[in-house]
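Thanks for coming. I will go through one structure today, starting with the ligand site and ending with the backbone.

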Amino acid sequence: MENISGSIKKKDHEAKINGSALYVDDHLMDGMLYGRMLHSAKAKARITKIILPELPEGYLIVDKNDVTGVNRVAIIIHDTPVYAEDTVEYVGEPILMVVGPDDQVVETILHKIVVVYEEKIPVLDMLTSDTVFFDYNYTKGDMDKALAEADRVFIETFQTGYQEQAYLETQGLIAYPQDGRMTVRGSMQCPYYVHSAVANAIGCEGKDVQIIQDVTGGGFGGKEAFPSILACQVAVAAKKANKPVKVIFDRREDMEFTSKRHPSLSTYKVAIKNGEITGMDIDVLFNSGAYTTLSAVVLQRGLICANGVYRIDNLRVGGRAVKTNTVPCGAYRGFGAPQTFFAVEMIMDHIAKEMGLDSLELKEKYMVKQGDSTSTSGKYHFHVPLPEMIQRIDELTDYRAKRKQYQQQIGRYRKGIGLSMFFHGCGFTGSGERDIIKAVAKIRKNPDNTVEILASNADIGQGLKTTFCKIVADTLGISYDRVYIDNPDTDRVPDSGPTVASRSLMTVGGLLQRAAEKLKKEWQEGKEQVIEEHFVEPDFVIPFNLKDFSGDAYPTYSWSVNAIEVEVDTLTATTKILGAWGIFDVGVPIDMNIVMGQMEGGFLQGIGYASMEQMDYNAKGIIRNNSFSDYIIPTAVDVPNLVAEIMNNPYTHGPYGAKGAGELPLVGAAPAYVEAMENALGANLNKVPFTPEDVMKILQGVNT
Amino acid sequence: MVNGYQATSLKEALKILAKESVTPYSGGTDLMIDPEEHATFLFLARISEMKNIIEDTEYLRIGAACTFTEIIENELVPEILKEAAAQIAAPAIRNLATIGGNICNGSAKGDSALILFATDAKLRLVSSRGERVLPIAEFYLGRKKTALKSDELLVEILIDRINLSNYYYKKVGARDALAISRVSFAAILNVADGKIVNCMTAFGAVSDIIIRRPDIDAMLVGKTTKEAKVVKKEYIAAYDQAIIPIKGRISAEYRKAVCMNLLRDFLESNGI
Ligand SMILES: Cc1cc2nc3c(=O)[nH]c(=O)nc-3n(C[C@H](O)[C@H](O)[C@H](O)COP(=O)(O)OP(=O)(O)OC[C@H]3O[C@@H](n4cnc5c(N)ncnc54)[C@H](O)[C@@H]3O)c2cc1C
């Protein structure tokens with residue numbers, strides 16, 4: 001283990017343990033009002049009339065007419081209305097906000113409002129969508145030729161469902177006008193995203209907006225784009241009321257009406273000739289929901305991962321993100337990759353079975369290695385540690401032997417073991433980092449020789465404050481206690497980009513390391529010094545071109561192999577997880593405790609995605625799984641034997657050799673779990689979550 | 001602010017209950033889910049008459065305000081009830097949640113209530129007017145409806161001192177902790193002198209009320225295992241008719257299939 005990897009007390013430890021950490025809902029301001037949203041009750045309708053009750057003194061209604069800027073939320077494409085105009089496009093779409101001094105009275109007013117809808121027929125099923133938001137296609141080699149010359153073509157469709165981030169702290173923000181400016185503070189991952197959205201909605205210049213992140217109780221991607229939407233609504237309300245306005249979502253509201261992982265349908269056509277895989281023709285469909293939000297970039301990542309970790313010379317990948325009258329989907333740890341990694345791992349497994357091979361054998365044959373070309377004709381520039389990961393998994397689990405042993409089972413309890421291998425591309429997809437984000441980070445040495453880090457990345461529980469400070473302290477050779485970082489405030493910190501895409505530590509941490517190196521050289525006792533660093537793309541990167549998806553989509557990759565062992569009770573169709581093992585390469589861990597926390601938590605979230613986290617809408621487009629008793633996520637008791645191990649594989653261009661860690665552990669759990677279920681049940685499976693009801697159908701021999 | 005009375009004796013509690021509209025509050029783990037805003041509570045946790053677990057010649061008597069942790073740790077409590085109690089929620093909830101609350105909430109998903117159905121337990125209901133003892137099956141009137149009068153408290157649960165050691169129990173929840181039953185099944189079967197002397201089964205979480213059908217179970221009573229095998233098909237068919245799962249988030253088909261699988265397994269594990 002490298003020195004830097006030793007664990008240290010987290011910067012936010014004390015405040016979170018003693019209760020002094022303030023979340024947005026803990027803040028009270030003079031004259032503060034409470035806001036509650038009126039959400040559409042219909043999936044698609046024209047609003048013909050809104051009948052308001054008489055409002056008591058001090059209460060007001062805020063809607064589209066109060067938007068002083070543009071009634072659109074600036075995300076990637078500006079199509080999400082701040083407040084609904086004449087039509088609503090999904091159940092939950094915000095129509096107006098009731099604002100006033102007493103939360104209970106606000107609630108009462110909300111219930112008295114009558115919205116008259118002229119209902120239209122909603123499109124709920126993505127297969128019947130008539131609006132394609134994004135359509136990407138790329139090729140490599142000659143897929144038509146591979147198909148024409150194939151002696152067999154495998155075709156199969158794989159399905160994945162919603163996943164809700166289920167962070168502990170629901171969405172919440174406070175907005176307040178002050179000296180002609182607007183401040184918005186609260187729970188978020190990306191202060192500068194919120195910054196541009198608010199300026200656009202209230203129609204002011206960037207300098208007149210201030211965004212402050214408060215202590216945030218989890219994000220997992222759910223607080224990437226959604227806070228931009230809520231911030232516009234709250235800022236518009238605060239501007240109208242000319243007072244602070246606080247909005248905190250309740251759990252049901254949060255689960256039903258905020259972004260979640262895109263459901264997907266992926267169809268794989270795989271050409272085989274002389275027992276060799278000669279090409280993959282892949283078609284991916286993502287359900288965007290009613291507005292585009294982040295779907296473009298989620299889809300891009302999904303498509304780039306569509307051939308998994310395999311060397312496929314002829315490749316054709318097409319994907320669409322389509323509109324439905326359902327809640328807009330967005331970012332969730334993994335960002336499009338869990339969907340296609342599930343599909344590709346399963347198709348490899350099914351092809352192997354047809355060829356009479358074990359899936360691992362087939363996968364090993366096609367696994368990429370350093371120097372190989374990526375799906376987008378970029379390059380795997382660095383060592384790919386998959387072979388040693390597989391070996392380690394086999395040592396830990398006896399995978400190969402068990403896999404065989406579990407093939408033919410009778411009796412009440414049946415065991416199975418499955419394995420997945422995958423990567424996570426570190427940082428933004430394509431040239432986003434270079435062309436769009438252009439991250440800037442600063443460190444400031446104070447006269448008392450303490451050092452402050454100035455960056456816009458948010459500690460959302462993942463430990464970023466600690467790892468940033470460790471990098472700067474260690475580089476400067478000063479004690480960790482002398483380096484500090486506050487929650488980002490756009491009045492004070494430069495735009496070092498959002499807290500997403502497993503980029504913060506690798507990219508911004510890298511800038512901080514460089515800044516610290518410079519400061520060390522220029523260090524002057526007792527003087528204030530500020531060092532600023534700008535992002536520079538590493539030389540080795542083959543520039544990415546989004547038009548034809550060519551070049552390095554990512555500078556480097558984090559790698560992992562997972563194995564999961566299950567035992568199915570054939571009487572109840574329930575499944576016990578006997579063990580879950582993950583070997584993870586995230587470069588050099590900057591803090592072992594933090595990294596292990598990320599690996600274990602992400603892996604467990606992935607297991608939930610695979611096995612029990614079920615969410616669906618009914619015929620009216622209403623999501624019913626809107627509470628923790630209806631949306632089941634795994635507990636520690638459900639996977640008691642969860643083993644995460646780190647494989648040290650330093651990244652030459654990351655700070656201290658670190659690369660992306662946040663998302664990796666979630667990405668490959670689903671295929672490992674479902675492969676294990678196949679091994680136990682002796683059937684081919686193609687969907688997640690794979691629930692007890694699905695198991696029962698297989699056991700009863702019902703065609704699914 | 002929560003309004004309430006902290007009663008320290010049963011008498012005191014019943015007096016308050018007789019004259020005021022109060023909500024009995026035992027562990028509060030059900031009440032907290034959807035708290036009535038202006039309710040006045042009658043806290044039961046300090047009423048010693050409701051905290052005992054004792055045996056007399058006829059019954060094992062469990063105080064309604066005993067928590068599941070207390071039940072699990074008590075040596076008089078039969079294994080079947082301990083096993084069910086140990087699978088409820090998680091330690092923090094079990095330290096507060098009581099057996100009385102599990103019954104009085106009137107839910108067919110109550111995991112301890114299932115065992116009390118399977119064992120034909122009786123409930124001792126007391127008011128300042130007097131008391132009555134009701135078989136548990138008569139206490140449940142419908143979904144969330146019980147025979148409890150507004151001035152009554154459930155004070156004790158009475159379990160017959162029959163042999164409960166040969167039992168079968170399975171809870172199916174959505175996960176291994178903090179999960180409400182999707183299906184649950186409990187059964188007891190005793191054989192003496194080669195003959196089945198009692199067979200008691202109960203199915204939870206499938207209907208509005210826990211399903212307990214002594215009339216069907218009677219088909220096996222008085223028979224040898226061999227004779228029971230002869231009527232097995234008929235017995236299973238009778239349950240196949242009797243169990244009609246109500247619709248829920250989890251399909252009726254799934255829950256029905258699990259019930260029938262467990263019933264068959266229970267018989268097979270007893271050589272039938
Ligand atoms: C996270 C969580 C997990 C749970 N998991 C499970 C589970 O796995 N299995 C399960 O069965 N339940 C579960 N429950 C439900 C609950 O914990 C149980 O039903 C528990 O037994 C209720 O007991 P209590 O003492 O907390 O009831 P309370 O909330 O105090 O009362 C429940 C109802 O009964 C009435 N009442 C209580 N005692 C008396 C009395 N002596 N006389 C008259 N009326 C009375 C109250 O007025 C109220 O209407 C869970 C609950 C939570 C919050």
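H5 of chain B gives the largest share of the shell around the ligand, 4 residues. Keep in mind throughout that this is a predicted model.

Let me stay with the ligand. Which elements of chain B each supply at least two residues of the shell? They are strand S2, residues 23–25, helix H5, residues 99–104, and strand S10, residues 153–160. In terms of domains, the shell takes at least three residues from domain 1 of chain B, 48–160, and at least three from domain 2, 167–269.

There are 35 residues around the ligand, and those that come nearest are B:Pro24, B:Gly27, B:Thr29, B:Asp30 and B:Thr98. Sorted by class, the shell holds 20 nonpolar, 11 polar and 4 charged residues.

On the backbone side, an N or O atom of B:Ser26 is 2.8 Å from a ligand oxygen atom. On the side-chain side, B:Asp111 places an N or O atom 2.7 Å from a nitrogen atom of the ligand. The side chain of B:Lys171 also has an N or O atom, 2.9 Å from an oxygen atom of the ligand. How much of the ligand's accessible area does the protein cover? On its own the ligand has 980 Å², and the protein covers 90% of that.

Next, empty space. Rolling a probe the size of a water molecule over the atoms shows where such space is left. Searching the whole structure turns up 5 cavities of 30 Å³ or more. The largest cavity has a volume of about 200 Å³, and 24 residues line it. Closest to its centre are A:Tyr90, A:Phe226, A:Ile229, A:Phe257 and A:Pro328.

Two elements of chain A give two or more residues to this lining: strand S1, 33–39, and helix H5, 226–241. Of these, H5 of chain A gives the most, with 3 residues. By class, the lining has 16 nonpolar, 7 polar and 1 charged residues. Both domain 1 of chain A, 24–121 + 165–257, and domain 2, 264–429 + 551–703, contribute at least three residues to the lining.

Last, the backbone. Most residues other than glycine have a negative phi, and most peptide bonds are trans. Where is there a cis peptide bond? One joins A:Val688 and A:Pro689, with omega about -5 degrees. A:Pro689 sits in the loop between strand S24, 687–688, and helix H18, 692–699, of chain A.

In chain B, the residue to look at is B:Ala89, which is not a glycine but has a positive phi of about 45 degrees. B:Ala89 belongs to the loop between helix H3, 79–86, and helix H4, 91–94, of chain B.

That is what I had for today.

Terms used:
Residues numbered from 1 in each chain as written. Chains lettered and ligands numbered in written order. Predicted model: local features only at pLDDT ≥ 70, side-chain atom pairs only at ≥ 80, totals over all residues. Heavy atoms only, no water. Near = heavy atom within 4 Å. Polar contact = N/O pair within 3.5 Å; in protein donor to acceptor, adjacent residues only side chain to side chain. Areas by Shrake-Rupley, 256 points an atom, 1.4 Å probe, with all protein chains shown as cover. Nonpolar A, V, L, I, M, F, W, Y, C, P; charged D, E, K, R; others polar. Domains from an automatic or database assignment. 1 Å grid on protein atoms, 1.4 Å probe; cavity = no way out; pocket = protein on both sides within 12 Å on 5 of 7 lines; lining within 4 Å. Points joined across faces, edges and corners; volume = space filled by probe spheres on them.
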